[in-house]
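Subject: Structure handover

Hi,

Here is the structure for your files. My notes follow below it.

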Amino acid sequence: MLRLIRVTGESLSPHICEGDFVVITTIPFFLSRLRVGDVIVFRHPAYGVMIKRVESVLATGEALFVTGSHPHSVDSRHFGPVARRDVIGKVIWHIARPR
């Protein structure tokens with residue numbers, strides 16, 4: 001399954017900016033093979049839906065450490081690892097808005 005999502009916030013700027021769109025895959029096969037460098041969309045209980053880059057896959061494989069590229073990004077350095085069950089999808093295509 002594929003979903004189109006409009007990015008809000010500057011967490012991954014300058015690579016992915018507010019107003020850009022991303023296409024994510026929600027197919028379990030792809031989500032079970034997440035690797036360092038992948039960009040994911042996930043649901044966080046306190047912050048809602050977020051988009052971040054996978055920095056590391058923890059030893060158990062059931063959690064991911066995620067970061068943003070913006071200096072003020074709220075990410076795993078603030079809220080800890082993200083459980084795999086909270087991952088909504090993996091970004092497979094970035095559509096930049098005209099600058």
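**Strands and sheet**

Five bridges join E1 to E2, and these two strands run antiparallel. Helices (H or I, at least four residues) and strands (E, at least two) are DSSP runs, numbered from the N terminus. Two strands pair if DSSP finds at least two bridges between them.

This is a predicted model: local features need pLDDT of at least 70, side-chain atom pairs count only at pLDDT 80 or more, and totals for chains, interfaces and linings use all residues. Residues are numbered from 1 along each chain as its sequence is written, and side-chain values use heavy atoms, with hydrogens and water left out.

Arg6 has Phe21 in E2 as its bridge partner. E2 covers residues 21-25, and four of its five residues are buried (under 20% relative accessible area; exposed is over 50%, partly exposed in between; 1.4 Å probe, protein chains only). E2 is also joined to E7 (residues 87-95) by five bridges, again antiparallel. Val22 stands opposite His94 in E7.

The whole sheet is open, with seven strands in the order E1-E2-E7-E3-E4-E5-E6 and antiparallel pairing. Its edge strands are E1 (2-6) and E6 (82-83), each pairing on one side only. E5 (residues 63-67) pairs with E6 over two bridges. Ala63 has Ala83 in E6 as its bridge partner.

**Gly68**

Gly68 sits in the loop between E5 and helix H2 (76-79). Gly68 is buried, at 13% relative accessible area. Beyond neighbours within four places in sequence, its contacts (heavy atoms within 4.5 Å) include Ser11, Lys52 and Arg77. Val54 is 14 residues from Gly68 in sequence and 9.0 Å away, C-alpha to C-alpha.

Best wishes
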